[in-house]
Amino acid sequence: MYVAGSINRMTSPLLTVHELHKAFPLQGGLFASSKERCLAVQNVSLTLHAGETLGIVGESGCGKTTLARMIAHIERPTTGEIRYKGQNIFKYDKKQLKAYRRKTQFIFQDPYASLNPRLTAGEIIGEPFIIHRRNLAQDIDTKPESIMKMVGLSKDQERRYPHEFSGGQRQRIGIARAIALRPEIIIADEPVSALDVSVQAQILNLMKDLQDEFKLTYIFISHDMGVIRFISDRIAVMYRGSIVEMASNQELFENPQHPYTRTLLAAVPQFE
Amino acid sequence: MNMPPVLAVDNLSTCFDTEQGTLKAVDEVSFQLDAGETLGIVGESGCGKTVLSLSIMRLVPTPPGRYVSGRINLGGVDLLSLPEKEMRKVRGKDISMIFQEPMTSLNPVFRIGAQISETIRLHQGLNRAESHQKAIEMLRLVGIDVPEKRINDYPHQLSGGMRQRIMIAIALACNPQLMLADEPTTALDVTIQAQILALIKELKRDMGTSVILITHDLGVIAENAQQVAIMYAGKFVEYADVKDLFSHPLHPYTEGLLHSIPRIEGYYNRNKRLPMLPGGVPDLSRLPEGCSFNDRCPYVMPICRAEEPALVGKNSPKRYVRCWKYQ
């Protein structure tokens, strides 16, 4: 059983992001000069410890998705580095990169767009094993059907296609695919924002249960302060590409320091 | 106050004829809305809240849609029996609507000024110069800086929040009795959402417009509505004063919804789990027998699976609930 606050900060972090910058060239016309750039992520540094959930909160366009995509090695930074267990992930060779990709998995916002409509649920969950040449049958726990059970889907749903599932069930398939290879880090980019409130609660609880069971480390991106409060141990608030405040859950909500954090908290509609 | 209500919807049912049979998207809905009042309609996706608002505007495509029963009484006129030509005069003038996605509801090839003054010219018979002037006035009213310049912008030149301000300017240009706002802030960031909701509140107060606010966000309802209706599978399952609803939810669905929302108050505990409703929103073609909520309800009784409960008054005159627990 995990005890709150027991993350050992003395051990070296699992992942370190150091002075990360990402600039995108602004697309003009065909002959526009490529000098103008948009700084999507500016000087972001953070650490991620094994077993914790780091929440990243901010409004649209603040750079949270770009940051997540760089951590997942989908996007390369303009400058700066990301170290996983001490090694710079952008200096990996092909084999190391493949190993890193197995250890870090992504859960996407849109459960409709992120599942291949031509594959069955079972095939989607089995695909990571094929890509990483893992033997499916080697142990019972890694069979698609047992993974489906872990995320609350039944065995007979294995042969169904994504369109036959509801939004919440599709997100369960996305989660099953992400945990299939027993990763260490899961990057979840707005995983519940497309879901109804009642389904959102189920998915959030499921993510916490899986974290306990498999000792997962989460980077959880959301624009919803309530969701962030529920799931994160530590929180980074992003604004215009930079982290403006970083604090533990309790500190951030009880004693917000940055004016932008206060604005965000004040904008959340309150129940009586 | 003995003023007649601005809007009285009585026993409205809207159906869709589909391959799976006839689906009742709005099922025997009744309510009244007084002048200057805001009614919040809450529900999850597919509960019929958008079809209800489209029905009031009489914008449900027929076929496949069909208004099966009911009356929609706006200022003494039954909208459902109006000829289409007359209905066109009501839309945009007496009732206006703002939608969730301000980009898709504005026309991308026309300047915003033209889109605002179109409504004004059509319904108020003003000439080009006068309606242009009125459009600038409306832009100023919804808090757009330098409206004389902005009026020549195209929708893509504006941010999401500004576009929603333009939609509000169009909606309120003819001083309607009723404004329907269907998820007006769902596509916006929280800080912009707060601005837009404050703007709607302020204009509503100044102009005395009644508002129907449709949303899935109970927080938005708590801060902006006086009356609330909770919709589930096409039906009102609870109707209450906003304070009563949040302090004493009666229907198990309302209670479940309220509890399943992660709040920013309270304390953080890693081992905490959210109370949850099992399952998901039902498919209208496969509703359970009896009460539509019985397969997700923690208090289900044998009668819930056999018979549909009625919407009955409870305690105060403006409080109704559709549940066997209270029959």
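Which residue in S8(B) is the bridge partner of Ile41(B)? In S8(B), that partner is Ile214(B), and the legends below set this pairing in its surroundings.

This is a predicted model, in which local features need pLDDT of at least 70 and side-chain atom pairs count only at pLDDT 80 or more, whereas totals for chains, interfaces and linings use all residues. Residues are numbered from 1 along each chain as its sequence is written, while chains are lettered from A and ligands numbered from 1 in the order in which they are written.

**View 1. Strand S3 of chain B and its two partner strands.** Strand S3 (residues 38-42) of chain B is joined by five bridges to strand S8 (residues 210-215) of chain B, and the two run parallel. S3(B) also pairs in the parallel sense with strand S9 (residues 227-232) of chain B, over four bridges, and in S9(B) the bridge partner of Ile41(B) is Ala229(B). Strands (E, at least two residues) and helices (H or I, at least four) are DSSP runs, numbered from the N terminus, and two strands pair if DSSP finds at least two bridges between them.

**View 2. The two covered faces of S3(B).** Thr38(B), Gly40(B) and Val42(B) lie on one side of S3(B) and Leu39(B) and Ile41(B) on the other, and all are buried (a residue is buried if 20 or more other C-beta atoms, placed from the backbone, lie within 10 Å of its own). Because five of the five residues of S3(B) are buried, the strand is largely enclosed by the rest of the structure.

**View 3. Helices H4 and H5 of chain B.** Helix H4 (residues 112-124) and helix H5 (residues 128-141) of chain B pack at an angle of about 115°, with their axes 9 Å apart; axes are lines fitted to C-alpha atoms over the stretch in contact, and angles run from 0 to 180 degrees between N-to-C directions. Among the residues that meet are Ile116(B) and Ile120(B) from H4(B), and Ala135(B) and Met138(B) from H5(B), where contact requires C-beta atoms, placed from the backbone, within 7 Å.

**View 4. The contact between chains A and B.** The contact takes 34 residues from chain A and 33 residues from chain B. On the side of chain A that touches chain B, the largest share, eight residues, comes from H6(A).

**Confidence in the model.** The model scores ipTM 0.84 and pTM 0.88. Chain B averages a pLDDT of 90, and 99% of the residues score at least 70, pLDDT being the predictor's confidence in each residue, from 0 to 100.

Key
Two residues are in contact if their C-beta atoms, placed from the backbone, lie within 7 Å. A residue is buried if 20 or more other C-beta atoms lie within 10 Å of its own, exposed if 12 or fewer, and partly exposed in between; C-beta atoms are placed from the backbone.
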